[in-house]
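Work through the exercises below with the sequence and the coordinates open. Each task is followed by a solution in steps.

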Amino acid sequence: MSTVGERDRAEVSARGPATPALELDRVTKRFDDVIAVDDVSLAVERGEFFSLLGPSGCGKTTTLRMLAGFEEPSEGRLLLDGVEATQIPPFKRPTNLVFQNYALFPHMSVYRNVAFGPRRAKLPKPEIDRRVREALHTVQMDALADRMPAQLSGGQQQRVGLARALVNDPLVLLLDEPLGALDLKLRKEMQIELKRIQREVGISFVYVTHDQEEAMTMSDRIAVMSHGRVEQLGTPREIYFHPTTRFVADFIGTANLLPAALVRAGKRPQVRIGEIVAEAGSIGSLPGREAVEGDPVSLMVRPETLRVVRERPEGITLPVVVGEVIFQGTGIRLDLQGPGKAPIVALVPAEAADWRPGDRAYVQWDPDRAHVVADPAS
Amino acid sequence: MEQAATGGARAGSARPVVRQVFWTIHRRELVTRIASAAMLAFGALILFGPFLLLAFLSFNDSQILAFGFQGFTTRFYEEALRDAAMRESLRNSLIVAGLTTPICVALGTLGAFGIARFVFPGRGLVAGSLTLPLVVPSLLVGVGALVTFSKIDVPLSLYTVAVMHIVVGFPLVMAIVTAALYRFDRSLEEAALDLGATRRELVWYVLLPYLVPALAAAAIFVFGWSFNSFTVTFFTVGSERMFTVWVFSKLRRGTNLPTVNAISTLVTFVTVVVVYIAYYLLRRSAVRSGQDVRSLVAGGPQQ
Amino acid sequence: MSARVSSSGVAFGRRTAAAVLASPVLTLLVFFAGPLIYLTWVSFTRADIVGDGSFTFDNYAEVLGEPIYRSIFLDTIVITVTAMLILFLVAFPIASFLAFRAGKWEIPMLLALVLTDELNPLIRLYAWQIVMNKEGVLNRFLQAIGLIDEPLTILFTKTAVVVVLATGSLAFVVIPIYAALKTVNRTLIEAARDLGAGWPTILREVLLPLAATGFIAAILIVFVPMLSDFASPAVVGGREGYMIASLIEEEFNARGDWGVGSALSFVVLAISALMVWVSIKISKVGRLQA
């Protein structure tokens, strides 16, 4: 886990109550010979919107199902509100799950779906009614309480799914790609809506998604997972600008990863790209051993931080040839070829110079916004 | 037709090739239409024609087989309903079916749960064995029961019939309910457990309500199967009369039997009415719980 | 996502499984397996009226050795296979109409088919008797349109049995084929047409291979009941349309030779199993080639 992540966690718990809502302590899950989750430790604070982000098969859903109690960890412990909960069955856990396919009971009305949990908890009738109406109000479904699930649209069904989970006032709400089945526009709306509801109810959310934009939009913190391990844990900003590994840099957003050799690690790292020596603002973790000069690394520069000019500018710069010019409305995307045909992507304002394929140009970047990541040991 | 008119007009104006191609396509379409209509009519004729014929004969005032209309009468119905042997056979068949159905539904549902919801060593073997009564010819079930009951000195009666109907009937229910359970979305179970339902509550509030249409369909099928069953009934019934056996005893001569026409028409009519009412009720509850009624109808038992 | 591999959270205990399955399995063992095992025993004993109940292979020797029996076996297989082939020819067009062209009539027609399953088979037999009688509807109709002068003998022939078996099973053949065709994506057919395939090609290359599972299901469902049916040959078969099942009924009820009757029953079982196996084999070979 990164130093950045740890510092962040310390800050959060300094602000909130001391015990995290949820804690995974060195949890591993094996299915026969396959390791789905590999030695994961993380903590989710109270009232935090926490995302598990990663490509399919990275172990994020298995992690969520362990939190819900549908899978038992092969190793490690799970703590809810500081109390060991590894063995607690799902129907006794203070967690509730929102399913990707909604999983609404098809033979029950919206109202009865939402009332299902409170009824199982044997709450008094007026209390059930009050809670159900409140939950339906929170997700703005009051008017459709008597409908059957089959009569609702996908977005409405997911609102009911959310209300059905929220009504139990869980310690942690678990969401398994809840917007995955919705179309793009509705998904964007629901992202904002979800964030609003989360702030309103103040419950910790653990949100599983493979969509990095979605995770960025909503999360307080994100755990990026790959091959069952947490690659990086941090705020969206940290993960975007200071990825610890090449995988994270590549998975989050668009990144130019220029092949380079390490010159100097430390506060102002330096790398050599071909003939030139470039300085960067930060450096990710270097796996295993002390960094040595000459280690293969990549210099990560985000497309929107690149400047593309025709005349050779002062300072560190790379010569490029314009490949494709793609108008994207908000800007122009330039697919460039750097030294040794290395592909470089730049995002420039739409009103910038009139670029044509084949044009020769130079790219330049702000060293403070460049970042060094180690190449995977091979 | 409209297409033909506009297409023809357009083609007529200019290119004869286009016109020819158009008419070839159109004629082929017409031929397939006529062919499929003929095939359907033929299917309907062989499936329902004989029953309609019986209905016609039952109201035709003639003792002998006459296809010209000799006048309308209901006297054969009166005669048929006065026939004590027939009344007894009908009553016995309904009693056996009524006895068989609930037991089959209970056993079949248990079996379906056991197979679809548990993982244990030898599950495949148990599942396969429980479908055997549907695969083994009912002739063997019948004669096997006959020799066994006689060996252990159990006199044949309505009870022996009912027991053997149960043996073949519950796998039928099991097949329907298992299919429904496999169609059931497992995440609904997880949702229920996640929301604090115990396993008992899960079965009671989520699984059983979902299964109601399938159970109803299964009950109707198994009732009908028991009532209509001939082979097993034939070998396992004693001195009591059963409806199918009674009809069979009337048939070996191949002549017109007006009272049999009448009672057959009556039974057929009641069957049709019951099946249609059952279908509408099923469809309503299936639609309410978001299931496709087709899966209940076409996915049903086919034995 | 990956994680539906296990569902330990929902799985129920092994002891509950035993409790749930106890009553169905017990019913099966006592009232299904028991009689069949005893029937096997009877088939290996001298169990005719004068028999002493000792172990013997004589029943099987008689059943498999006598030419009369063998010709009845052969007749039974010919009748059943003919009925099966006719069923396929009639059922396939009906099933494809139902699956692709019926539109709003799809469900009513399906329901009508299911209805035929609920109609009493003995009443159906009786009705066919009247249709095929010498003075029956069919003969009168054929005479009326001048196709024949003298009434044909239809009743009490093999043909009569084939007709009755086939019409009694039509629904069970149409429905599985319909279900298989229903899984065919319409766009698949459109794609084939777009690629220039005519209907015969589409039928051969697309529909029939995809309907193969339906054909197999249909064989599994109707073949064995047809093979072992004894009401149909008894009512419309007469001497000519005699089948194994009629023979078995005679051994048990008229002659009281339970040993031979039981041996014959197991021959029926063996033939059933063999024919089902062969048809599955053939369909598999066919599908591998496609």
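**Exercise 1.** Among contacts in chain A between residues at least 6 apart in sequence, what percentage join residues at least 24 apart?

Solution. The model is predicted. Take the contacts of chain A between residues at least 6 apart in sequence; 68% of them join residues at least 24 apart. For context, chain A holds nine helices and 21 strands, and 43% of its 378 residues count as buried. Along the principal axes, its C-alpha atoms fill a box of roughly 75 × 45 × 40 Å.

**Exercise 2.** Over which residues of chain A does pLDDT stay under 50?

Solution. Then go to residues 1–15, where pLDDT stays under 50. For this stretch the model has 22 contacts beyond four places in sequence.

**Exercise 3.** Describe the side of chain B that touches chain C.

Solution. Count first: 72 residues of chain B are in contact with 75 residues of chain C. Helix H2 (residues 16–59) of chain B supplies the largest share of the chain B side, ten residues. Sorted by class, that side has 46 nonpolar, 19 polar and seven charged residues.

**Exercise 4.** How are H7(B) and H1(C) oriented to each other?

Solution. Helix H7 (residues 158–183) of chain B packs against helix H1 (residues 14–43) of chain C at an angle of about 125 degrees, and their axes are 10 Å apart. The two helices are therefore oblique to each other. Their crossing is left-handed. Residues making the contact include B:Val167 and B:Phe170 of H7(B) and C:Phe31 and C:Phe32 of H1(C). By class, the contact has eight nonpolar, one polar and no charged residues.

Key: Residues numbered from 1 in each chain as written. Chains lettered and ligands numbered in written order. Predicted model: local features only at pLDDT ≥ 70, side-chain atom pairs only at ≥ 80, totals over all residues. Helix = DSSP H or I, 4+ residues; strand = E, 2+ residues; numbered from the N terminus. Buried ≥ 20, exposed ≤ 12 C-beta atoms within 10 Å, placed from the backbone. Contact = placed C-beta atoms within 7 Å. Nonpolar A, V, L, I, M, F, W, Y, C, P; charged D, E, K, R; others polar. pLDDT = per-residue confidence, 0-100. Axes fitted to C-alpha atoms, helices over the stretch in contact; angles between N-to-C directions. Parallel < 35°, antiparallel > 145°, perpendicular 65-115°, else oblique. Left-handed = near helix turned anticlockwise from the far one by under 90°.
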